[in-house]
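Reader: Could you take a close look at one part of this model for me, the salt bridges and how buried their partners are?

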Amino acid sequence: MLPPFPPPDFYQVQLTVLAVFCAVATVVERYISWQKKKASGEANAPKVEERTLLDGSTSSLAGAGKDIFAALRRNYLIVYGIVMGADWLQGPYVYSLYREQYGYSERVVGFLFVTGFTAAGFSGPFVGVWADKFGRKRICLWFCIAYAFACLCTLSSWIPILFAGRLVSGFATAILFSCFETWVVSASQSAGVSQAGLSTILGDAMLINGIAASVAGVVSNQLVAQVQTFTSPFMLSGALLVASWFMIRKLWTENYGAQDATVGVGKLDILQLGRIRQAFDIVRRDPALLVLGLRQTCFEGSMYIFVFLWVPSMQEASPPGAQLPLGYIFSAFMVSMMLGSVVYTSVVSHSLPRSDATLVLHAKLASLNCLVASLALAFSFSTSRPQSRFWSFCLFEACVGVYYPVQGMLKGSMISNDHRATLAALFRVPLNIFVTGIMLTGFSENRQFVFSACSLVLAFSSLMTTFVIVPRTVAMSENPLPRPA
């Protein structure tokens, strides 16, 4: 029987237990993988298969495939780790900067947050189509410039500058969560990397994301304590973004979507509206892509709402006047997310009887992951014990760690290279509309209702994935050609 309230060091102990368990699980998983590869005569990378690429050419990289995979994995993960670290550095102190250092009201701070989500929603389709048309690497370089500029805007307390920073930040966020993943998926397919190899890269990216989040939380906390200003994490973030610009320029090669001159209205079509209309038609005609976008909206929308609500939810369940160690709790959530990525990597690496079952397994994982996340949120608002609520939130974060590589794999396999970035960005439009609408309704006073709604939409997403996406992936595995439109 749990005591009604946890002891003072409960969260520190749980963080330590989670961290040790995650470290041991990671080491064990890597050791088992190494032993399997050694026993089968493979080296340190998933094999690169001979396959027909999207442009019709054939890739046969049996000799150099391992080196190509290792180079692609290294070049992507180095950049991804740094840009995600730069993003996480800003997260803990955005609210404190506006509310405490600059003294703006809750209402103004809320509008600043909404501005960022709105900008991301409106710019998403254009970001994606520009990436497909002009190059994913080029757009990622623009991300570094835009996000660094947004960091500089935090040095001013003048409200127009702050709103400008949020607008640019929303534009940059649309790039971060669509074009980086699009680049590595396209690069891996061009190099002939197998689905198992791409799955490994995406799983490692999620693990590195969790590490970056944990380290960034500690570093930002120390910076603020030493410098005594909430702008210091933003300045370090800007420096990392500048470093990322040079690394992308040096390490990455360029890749594009379709280069059909008949799409659009010609060279003056700066917004590429013709390509956007074509992408909308592709999604509208394909129920599987509609469900894939629905899954993204339901899961990521619930995740963003969780980010806004976990602090008041934990405070509500704690004794009156108790000072929660929010830093330790946040780090525990990030370690849980890392543990989820380890679980994903273990399942994918050690549960596949044959390579063509990779996509089917990811579809089934997608359905199961949404169901577990739904149950975690449902349990969180059904209990008033802080310990139980804490562990249900940890379980939800573990589902986040599984979600991103699974969703990335499904999008990479079900969406062709021609419109990959465009469709990835289009999927974020309903997501941003959903989150913005919830934020504008004053949802913080109805937490139980909001969590209930999130639990229901996640359960619905699980059902739709089971009945639409799983059968599609089975058909794709049995008949891998032609590629999806």
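Author: Asp204 is buried, at a relative accessible area of 4%, where buried means under 20%, exposed over 50% and partly exposed in between (1.4 Å probe, protein chains only). Bear in mind that this is a predicted model, so local features need pLDDT of at least 70, side-chain atom pairs count only at pLDDT 80 or more, and totals for chains, interfaces and linings use all residues. Residues are numbered from 1 along each chain as its sequence is written, and side-chain values use heavy atoms, with hydrogens and water left out.

Now, who does Asp204 pair with? Its side chain meets that of Arg73 in a salt bridge at 2.4 Å, N to O (a side-chain nitrogen of Lys or Arg within 4 Å of a carboxyl oxygen of Asp or Glu). Asp204 sits in helix H8 (residues 195-227) and Arg73 in helix H2 (residues 65-90), so the pair ties together parts 131 residues apart in sequence. Helices here are DSSP runs (H or I, at least four residues), numbered from the N terminus. Arg73 is partly exposed, at 21%.

Then there's Glu29 with Arg30, a salt bridge at 3.2 Å, N to O. Glu29 is buried at 5% relative accessibility, while Arg30 is partly exposed at 34%.

Over in helix H10 (residues 273-285), Arg284 and Asp281 lie three residues apart, about one turn of the helix. Their closest N and O atoms are 3.1 Å apart, in another salt bridge. Arg284 is exposed at 56%, and Asp281 is partly exposed at 29%. The structure holds eight salt bridges.

Technical notes. Helix = DSSP H or I, 4+ residues; strand = E, 2+ residues; numbered from the N terminus.
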